[in-house]
Amino acid sequence: MTHHTRLNLVMTVTIIGLIVFLYFKPQSSGNTEYPLTSGSVEAAQHVRIVKQQQETVLKRRDGHWYLVKPVQAWADDEKIGKILEILRARSQQRFPLADLGRFGLERPHVQLSIDNARFDFGGFAPTTHQQYVATGDYVYLLAPRYALALPRNTSDLINPGLLAPDEIPVKFELPHGEVEFYDAHWRVTPQHADDALNAETLHHWVRLWQSARAVELKTAAELTANFAENGLITIDLRDERKIRLKILQNQFSIVLLRIEEGIGYQFPLEAGRQLLDPSVFSAANSAR
């Protein structure tokens with residue numbers, strides 16, 4: 001037998017073996033996965049969460065989420081996105097919606113409604129530690145992360161941004177002067193010769209307001225006597241709305257309390273001082 005003959009024989013045996021393997025290869029049984037809903041994350045417009053008898057309601061407006069109950073505030077879109085992930089959830093196990101006590105669903109821990117879909121969160125399976133979630137005609141087993149995306153309280157969903165995307169300022173009334181958008185430029189009054197602020201510096205100062213994010217959020221009830229009231233700021237918006245902010249300060253931080261919403265945005269002392277005074281902002285940037 002020549003070398004080429006042996007080589008052809010080896011190749012033929014290999015091909016035959018491969019065909020036999022593929023023919024007798026066990027077929028994957030596949031795991032059936034059940035979608036919980038046909039709802040779409042992108043199309044969701046309304047969210048309602050009921051936990052410990054406290055109701056939180058959010059609505060989507062112009063591509064962003066806003067709290068409408070129990071407070072009105074710009075919501076954290078990223079956190080709402082994580083809540084909406086349940087619309088994409090799939091489960092490998094589901095049970096007919098009966099005998100709710102078996103699933104800890106007689107009194108759900110949390111009720112979540114997204115548009116017309118409602119999800120009741122119950123107990124946990126003892127072996128897999130997955131959670132029973134009822135929606136439609138079934139109870140599904142899901143990973144705990146869907147419940148963990150829900151807030152402990154309403155303030156967890158408030159966006160730390162001081163101004164919402166649709167809040168475009170055109171005038172600031174500060175304790176020691178005004179900054180106003182006039183004739184396509186920002187100007188400050190009164191203007192002091194020793195710290196003249198040009199339009200570009202004021203433009204960056206206004207951007208600071210639009211990008212400012214609090215290190216901590218506090219409701220009016222959570223603000224203690226440690227903070228002293230130190231003036232008022234009124235912001236005129238392009239759509240003719242107004243925002244009124246009460247200035248509260250202690251030795252470590254400044255809180256800007258949005259009066260109508262009752263939500264305080266806390267900043268470190270230096271960051272707060274730059275927001276309150278464009279001259280302080282200008283000096284800080286000159287020193288860098």
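Strands here are DSSP runs of E with at least two residues, helices are DSSP runs of H or I with at least four residues, and both are numbered from the N terminus. The strands β8 (residues 110–114) and β9 (residues 117–124) run antiparallel and are joined by five bridges. Two strands are said to pair when DSSP finds at least two bridges between them. Helix α2 (residues 77–84) packs on the sheet, where it touches β2 (46–51), β3 (54–61), β4 (64–69), β5 and β8. The direction of α2 makes about 85 degrees with that of β4. Contact means heavy atoms within 4.5 Å.

β8 and β9 belong to an open sheet of nine strands with antiparallel pairing, in the order β5-β4-β3-β2-β8-β9-β10-β11-β7. At its edges are β5 (73–74) and β7 (94–96), each of which pairs on one side only. As background, strands of a sheet pair through backbone hydrogen bonds, either parallel or antiparallel.

## The model and the whole chain

A word on what you are looking at: this is a predicted model, in which local features need pLDDT of at least 70 and side-chain atom pairs count only at pLDDT 80 or more, while totals for chains, interfaces and linings use all residues. Residues are numbered from 1 along each chain as its sequence is written, and side-chain values use heavy atoms, with hydrogens and water left out.

The protein chain holds six helices and 19 strands. Of its 288 residues, 39% are buried, where buried means under 20% relative accessible area, exposed over 50%, and partly exposed in between (1.4 Å probe, protein chains only). The chain exposes about 17300 Å², and carbon and sulfur atoms supply 52% of that area; the areas come from the Shrake-Rupley method with a 1.4 Å probe, and for residues only the protein chains shown count as cover. Among contacts with a separation of 6 or more, 54% are between residues 24 or more positions apart.

Which strand holds Thr56? Thr56 lies in β3, and it is buried because its relative accessible area is 5%. Leaving aside residues up to four places away in sequence, Thr56 touches Val47, Arg48, Ile49, Leu67, Lys69, Pro70, Thr154 and Leu157.

Thr56 and Thr154 are 98 residues apart in sequence, yet their C-alpha atoms are 6.4 Å apart in space. Their side chains make a polar contact at 2.9 Å. A polar contact is a pair of N or O atoms within 3.5 Å; within protein, one must be able to donate a hydrogen and the other to accept it, and residues adjacent in sequence count only if both atoms are side-chain atoms.

## Strand β19 and its partners

Five of the six residues in strand β19 (residues 263–268) are buried, so it is mostly covered. β19 has four bridges to strand β15 (residues 216–219), in the antiparallel sense, with Lys218 opposite Gly264. Six bridges join β19 to strand β18 (residues 253–258), again antiparallel, and Ile254 has Phe267 as its bridge partner. β18 and β19 form a hairpin with four residues between them, and Gly262 in the turn has a positive phi of about 70 degrees.

## Two crossing helices

Helix α5 (residues 269–276) and helix α6 (residues 278–286) have axes that come within 5 Å and cross at roughly 120 degrees. This is why α5 is oblique to α6: angles under 35 degrees count as roughly parallel, over 145 as roughly antiparallel, 65 to 115 as roughly perpendicular and the rest as oblique. Axes are lines fitted to C-alpha atoms, for helices over the stretch in contact, with angles from 0 to 180 degrees between N-to-C directions. In α5, Glu270, Arg273, Gln274 and Leu276 meet Pro278, Val280, Phe281 and Ala284 of α6.

## Backbone details

Most residues other than glycine have a negative phi, and most peptide bonds are trans. The bond from Lys69 to Pro70 is cis, with omega near 5 degrees, and Pro70 is in the loop between β4 and β5.

Asp115, in the loop between β8 and β9, has a positive phi near 50 degrees and is partly exposed at 34% relative accessibility. Glu240 has a positive phi of about 75 degrees and lies in the loop between β16 (228–237) and β17 (242–249). Is Glu240 buried or exposed? Glu240 is exposed, with a relative accessible area of 74%.
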